[in-house]
Amino acid sequence: MSDYTRMPNYDIRNDGIGPYCVFYCETCGREYRSQPDMVGTVTQDIGKKVASGLLRKVPLFGNVVANNVVGEDPRYSMKLTPAQIEKAWQQVQVNFRECPTCLRIVCLSDFDMQSGFCKEDSPRSNEISEARGEQTGAALKGLASAFGLGDVVKNVQQAAKAAQTAASQAAHCPNCEGLAAAGTKFCPDCGTAMVQPASEKCPNCGQDVNGAKFCPNCGTAMEEKPKITHCPNCGTETKGAKFCPDCGTKIG
């Protein structure tokens with residue numbers, strides 16, 4: 001088990017059987033409780049009762065002395081000595097690890113045992129996040145099935161997939177990222193020339209590209225570059241000319 005440079009955050013509680021410590025994970029706040037010293041509490045309680053009973057029989061000042069001896073009832077005490085706190089920490093520290101990077105003391109749920117760091121500082125943080133996402137998705141799917149919502153989730157997934165497919169088949173604006181039907185030449189929002197969706201087949205070799213931006217066979221770019229129809233300098237319509245007929249600016 002790892003060595004610790006300090007104790008984590010803790011407080012002292014008492015449920016009527018003696019004081020004990022509650023230690024907290026410094027990432028998620030999960031609680032780990034030590035065991036109260038019930039034997040010591042009972043023994044101390046009996047001893048004080050016996051001493052109190054005997055002293056009360058002393059003439060004149062017996063009651064005063066007895067009350068001073070009995071003192072605070074351990075069943076309701078909220079005090080622990082440093083040695084008792086250290087003993088309580090030793091009981092629960094198997095549930096904790098200390099991160100060598102951030103020095104937080106965290107529970108095992110927030111610690112990556114494989115790398116030896118807390119999960120936030122682990123070099124496998126991306127892998128851990130992906131695994132958590134998959135677990136959450138599986139849990140939600142199981143919960144939906146348990147409540148008879150499996151078909152609803154399936155329909156939502158299908159709708160999301162259909163929306164993604166529709167977006168891939170639409171022309172998009174390189175300026176404002178707006179979408180329009182394939183073949184739309186100018187963006188209806190900002191007027192920028194639209195980029196047409198990728199063709200299903202490479203125009204150079206005819207290879208099926210399956211939505212890729214470049215042909216996997218010959219490397220030809222599949223996105224059609226927007227045709228410049230007006231001079232970027234003076235705005236004159238170029239009508240396919242390589243130079244502006246008005247100001248002579250090179251087109252393209």
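The model is predicted: local features need pLDDT of at least 70, side-chain atom pairs count only at pLDDT 80 or more, and totals for chains, interfaces and linings use all residues. Residues are numbered from 1 along each chain as its sequence is written, and side-chain values use heavy atoms, with hydrogens and water left out.

## The sheet

Let us start with the strands. Helices (H or I, at least four residues) and strands (E, at least two) are DSSP runs, numbered from the N terminus. Two strands pair if DSSP finds at least two bridges between them. In general, strands of a sheet pair through backbone hydrogen bonds, either parallel or antiparallel.

Here, an open sheet of 3 strands has the order S1-S2-S3, and its pairing is antiparallel. S1 and S3 stand at the edges with a single partner strand each, so one side of each has no neighbour in the sheet. On average, neighbouring strands of this sheet are turned by 30° against each other, direction ignored. Axes for such angles are lines fitted to C-alpha atoms, for helices over the stretch in contact, and angles run from 0 to 180 degrees between N-to-C directions.

Strand S1 (residues 10-14) is joined to S2 by 5 bridges. Asp11 stands opposite Val22 in S2, and Ile12 stands opposite Cys21. The two strands form a hairpin with 4 residues between them, and Gly16 in the turn has a positive phi of about 100°.

On the other pairing, 3 bridges join S2 to strand S3 (residues 31-33). Phe23 has Tyr32 in S3 as its bridge partner. The hairpin of S2 and S3 has 6 residues between the strands, and Gly29 takes a positive phi near 80° there.

How many residues of strand S2 (residues 19-24) are buried? The count is 6 of 6, where buried means under 20% relative accessible area, exposed over 50%, and partly exposed in between (1.4 Å probe, protein chains only). In a regular strand the side chains alternate between the two faces of the sheet. In S2, Pro19, Cys21 and Phe23 point one way, while Tyr20, Val22 and Tyr24 point the other way.

## The helix across the sheet

Helix H3 (residues 82-92) has Ile85, Ala88, Trp89 and Val92 as its buried residues. They cover an arc of only 100° around the axis, which puts them on the same side of H3; the arc is that of the directions from the helix axis to the C-beta atoms. An α-helix has 3.6 residues a turn, so residues three or four places apart point the same way. Ala83 and Lys87, on the other side of H3, are exposed.

H3 lies across S1, S2 and S3 and runs at about 50° to S2. Its buried residues pack against S1, S2, S3, strand S4 (96-98) and strand S5 (105-107). Contact means heavy atoms within 4.5 Å.

## The aromatic rings

The whole structure holds 5 aromatic pairs. Rings of Phe, Tyr and Trp (its six-membered ring) pair if their centres lie within 6.5 Å; planes under 30 degrees apart count as stacked, over 60 as edge-to-face and the rest as tilted.

| Pair | Centre to centre | Angle of planes | Type |
|---|---|---|---|
| Tyr4 and Trp89 | 5.1 Å | 75° | edge-to-face |
| Trp89 and Phe96 | 5.6 Å | 55° | tilted |

Tyr4 lies in the segment before S1 and Trp89 in helix H3, so their pair ties together parts that are 85 residues apart in sequence. Tyr4 is buried at 17% relative accessibility, and Trp89 is buried at 3%. Phe96 is buried as well. Ring pairs link Tyr4, Tyr10, Phe23, Tyr32, Trp89 and Phe96 into a cluster.

## Two single residues

Glu26 lies in the loop between S2 and S3 and is buried, with a relative accessible area of 19%. Its side chain is joined to that of Arg6 by a polar contact of 2.8 Å. A polar contact is a pair of N or O atoms within 3.5 Å; within protein, one must be able to donate a hydrogen and the other to accept it, and residues adjacent in sequence count only if both atoms are side-chain atoms.

Lys250, in the segment after strand S9 (179-180), is exposed at 59% relative accessibility. Lys250 touches Lys242 and Phe243, not counting residues up to four places away in sequence.
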